[in-house]
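Keep the viewer open as you read.

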Amino acid sequence: MTNDTNTETLYRCGTLAIVGQPNVGKSTLLNRLIGQKISITSRKPQTTRHRVTGVLTRDHHQFVFVDTPGFQTRHGGALNRALNRQVTQALAEVDVILFVIEAGRYTAADRAILKLLPPDRPTLLLINKIDQIKDKAQLLPFITQLQTDHPFAEIVPLSAQNGQGTEALLKTVASYLPEQPFFFDEDDITDRSERFLAAELLREKLFRNLGDELPYGMTVEIERFEQEGQLRRIFAAIIVDKAQHKSIVIGRSGEKLKLMSTDARHDMEKLFGGKVYLETWVKVKSGWADDERALKSLGYD
């Protein structure tokens, strides 16, 4: 006679902060891991201005990734202080830290960020953009140098752009997740609302289509978000800092604004799985990026 023993399924779930300098590929990595575009990307620094949580559930593991703004080490100002607060708050709350750098590039700014990482959390070093390194043998002395600078729990070379090494990352990270029930439903991919995601997708188009300086004086505010069945009606104000910026955003005969709005609408329809009616306009709100009250009202808390 055999005795049946009840074995409980072991679930692991934890939060992982993705941190690093601006423009090292943190948002691209999050989107690759989740398999959906929930964090906007561009080649310009400061594209990510909010904490964005991405959820990936696989079998008995749930990874809750927190994409943070790139840590601002050069410039002050109320906006940059708000961005840095988001990073430090995320570091204090997560179970694991994923520190991202570019392959072959390790700077004083990276070292400054490392000094801010809490020593009581396991930190994994992610060496991104290895697809851009032709001679992979160059990575060995690079990794050796990094190991002497900080006691990383693991070092994972990868390419967020093409997915190389991301499966190895998930396998490595899984063992660091605490044993506890899932935080989210298995089908969830983010804790952010569609309203927030709509604003971010439009702001991405501004970063990608306008000049180098202009995007940093702009943000997006969704003034109305309505849903009728599968149709979403979204009314969005693009906030600029100076009156002369308004015509730049609108473009000749409104063509620039129309192009960016159309591109954003297509991304929204793909993400939301339904038709979107998007109406956009431009408003001038001088000094918003240096006004703590204005920043809070726009979601930069």
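Start at Arg192, whose charged end sits over the ring of Phe196, 3.9 Å from the ring centre. A charge counts as sitting over a ring here if NZ of Lys or CZ of Arg is within 6 Å of the ring centre and within 35 degrees of the ring normal. Arg224 does this too: its charged end sits over the ring of Phe235, 4.0 Å from the centre.

Before going further, a word on what you're looking at: this is a predicted model, where local features need pLDDT of at least 70 and side-chain atom pairs count only at pLDDT 80 or more, while totals for chains, interfaces and linings use all residues. Residues are numbered from 1 along each chain as its sequence is written, and side-chain values use heavy atoms, with hydrogens and water left out.

Now zoom out. The protein chain has 9 helices and 9 strands; these are DSSP runs numbered from the N terminus, with helices being H or I of at least four residues and strands E of at least two. Of the 301 residues, 50% are buried, where buried means under 20% relative accessible area, exposed means over 50%, and partly exposed is in between (1.4 Å probe, protein chains only). The accessible surface comes to about 15,200 Å², and 47% of that belongs to carbon and sulfur atoms; the areas come from the Shrake-Rupley method with a 1.4 Å probe, and for residues only the protein chains shown count as cover. Take the contacts (heavy atoms within 4.5 Å) between residues at least 6 apart in sequence: 72% of them join residues at least 24 apart.

Next, find the open sheet of 6 strands, which has mixed pairing and runs in the order β2-β3-β1-β4-β5-β6. Because β2 and β6 (154-157) stand at the edges with a single partner strand each, one side of each is left without a neighbour in the sheet. Neighbouring strands of this sheet are turned by 25° against each other on average, direction ignored. Axes here are lines fitted to C-alpha atoms, for helices over the stretch in contact, and angles run from 0 to 180 degrees between N-to-C directions. Two strands pair if DSSP finds at least two bridges between them; β5 and β6 run parallel and are joined by 4 bridges, with Leu125 standing opposite Ile155 in β6.

Two helices to look for on this sheet are α4 and α5. Helix α4 (residues 139-149) touches β4, β5 and β6, and its direction makes about 150° with that of β5. Helix α5 touches β1, β2, β3, β4, β5 and β6, and its direction makes about 110° with that of β3.

How covered is helix α1 (residues 26-34)? Mostly: 7 of its 9 residues are buried, among them Leu29, Leu30 and Leu33. The buried residues of α1 pack against β1 (12-20), β2 (52-58), β3 (61-67), β4 (96-102), β5 (123-128) and α5 (166-174).

Over to β8 (residues 231-240), where 8 of the 10 residues are buried. β8 pairs with β7 (residues 218-228) in the antiparallel sense over 10 bridges, and Glu221 stands opposite Ala237 in β8. The two form a hairpin with 2 residues between them, and Gly229 in the turn has a positive phi of about 65°. β8 is also joined to β9 (residues 276-284) by 9 bridges, and these two run parallel; Ile234 has Leu278 in β9 as its bridge partner.

Back to the side chains. A search of the whole structure finds 5 aromatic pairs, meaning rings of Phe, Tyr and Trp (its six-membered ring) with centres within 6.5 Å; planes under 30 degrees apart count as stacked, over 60 as edge-to-face and the rest as tilted. One of the pairs is Tyr11 with Phe182, edge-to-face at 5.0 Å centre to centre and 85° between the planes. Tyr11 lies in the segment before β1 and Phe182 in the loop between α5 and α6 (194-209), so the pair ties together parts that are 171 residues apart in sequence.

Finally, check two loops. Asp59 has a positive phi of about 50° although it is not a glycine; it is found in the loop between β2 and β3 and counts as exposed at 69% relative accessibility. Ser253, in the loop between α7 (243-250) and α8 (255-272), is not a glycine but has a positive phi of about 55°, and at 72% relative accessibility Ser253 counts as exposed.
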